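Student: Hey, can we go through this fold together? I'd like to get a picture of how its parts sit against each other.

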Amino acid sequence: MPLPYDLCARLQNAFRARHARISVPHTTQNLAILSILLRAGFLTNITRGTTDAPSPEEFLDVREAQRRIWADLKYRNDRPVLENMHLVSKPRKRVFMDIGEIRRLCTGRSAKTVKPLGMGEIVVIQTNNKEYEWLEAREALQLQLSGEVICRAS
């Protein structure tokens with residue numbers, strides 16, 4: 001499985017370069033993180049496609065290596081909505097949190113080495129639950145699911 005730092009770096013670079021849309025490799029992880037960012041309002045749209053263009057019709061006709069997820073980036077007053085996105089859990093130091101620690105994080109207090117969430121900030125959590133494998137911290141808190149804190153976006 002590819003590491004999420006690739007997605008974080010691609011999104012930050014695309015916003016800084018003022019791109020309207022980017023493509024990332026089609027993986028379950030990338031699709032889940034982009035869906036969370038879409039629900040949080042950081043992206044305008046996500047579409048499946050090929051390396052050439054966002055085309056859901058051609059998506060199923062190409063090889064796995066040619067499949068991409070296209071994300072339309074969101075800007076407000078000519079400024080990117082997503083200003084910062086970085087990893088919390090790294091390959092050498094993974095950060096797992098239980099329900100109490102996620103609650104502390106969501107209510108504005110530090111938990112472990114993670115700074116509290118500010119206004120408009122989200123944290124992506126990967127849980128062990130197959131039905132809800134990728135969630136935003138507030139969703140994980142509602143569903144009472146603990147897991148690994150992957151990245152945060154603001």
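Predicted model: local features only at pLDDT ≥ 70, side-chain atom pairs only at ≥ 80, totals over all residues.

Student: Okay, sheet first. In what order do the three strands sit?

Tutor: The order is β1-β3-β2, in an open sheet with antiparallel pairing. β1 (21–25) and β2 (43–50) are at the edges with a single partner strand each, so one side of each has no neighbour in the sheet.

Student: And what does the twist average from one strand to the next?

Tutor: The twist averages 25 degrees.

Student: How many bridges join β2 to β3?

Tutor: Seven bridges join them, and the two strands run antiparallel. Strand β3 covers residues 67–73. If you want a spot to look at, find Asn45, which stands opposite Asp72 in β3.

Student: Switching to helices. Which strands does α1 lie across?

Tutor: Helix α1, residues 4–16, lies across β1, β2 and β3, and it runs at about 165 degrees to β1. Helix α2, residues 28–40, packs on the sheet too and touches β1, β2 and β3. The direction of α2 makes about 155 degrees with that of β2.

Student: So how do α1 and α2 sit relative to each other?

Tutor: Their axes come within 10 Å and cross at roughly 45 degrees. The crossing of α1 past α2 is right-handed.

Student: Which residues meet there?

Tutor: From α1 you have Pro4, Leu7 and Leu11, and they meet Gln29, Asn30, Ile33, Leu34 and Leu37 of α2. By type, the residues of this contact are six nonpolar, two polar and no charged.

Student: New topic: how many aromatic pairs does the structure hold?

Tutor: One. The ring centres of Phe15 and Tyr75 are 5.4 Å apart and the planes are at 65 degrees, so the pair is edge-to-face.

Student: Where do Phe15 and Tyr75 lie?

Tutor: Phe15 lies in helix α1 and Tyr75 in strand β4 (residues 75–76), so the pair ties together parts 60 residues apart in sequence.

Methods: Residues numbered from 1 in each chain as written. Heavy atoms only, no water. Pairing = 2+ DSSP bridges. Helix = DSSP H or I, 4+ residues; strand = E, 2+ residues; numbered from the N terminus. Axes fitted to C-alpha atoms, helices over the stretch in contact; angles between N-to-C directions. Contact = heavy atoms within 4.5 Å. Left-handed = near helix turned anticlockwise from the far one by under 90°. Nonpolar A, V, L, I, M, F, W, Y, C, P; charged D, E, K, R; others polar. Phe/Tyr/Trp six-rings, centres within 6.5 Å; stacked < 30°, edge-to-face > 60°.
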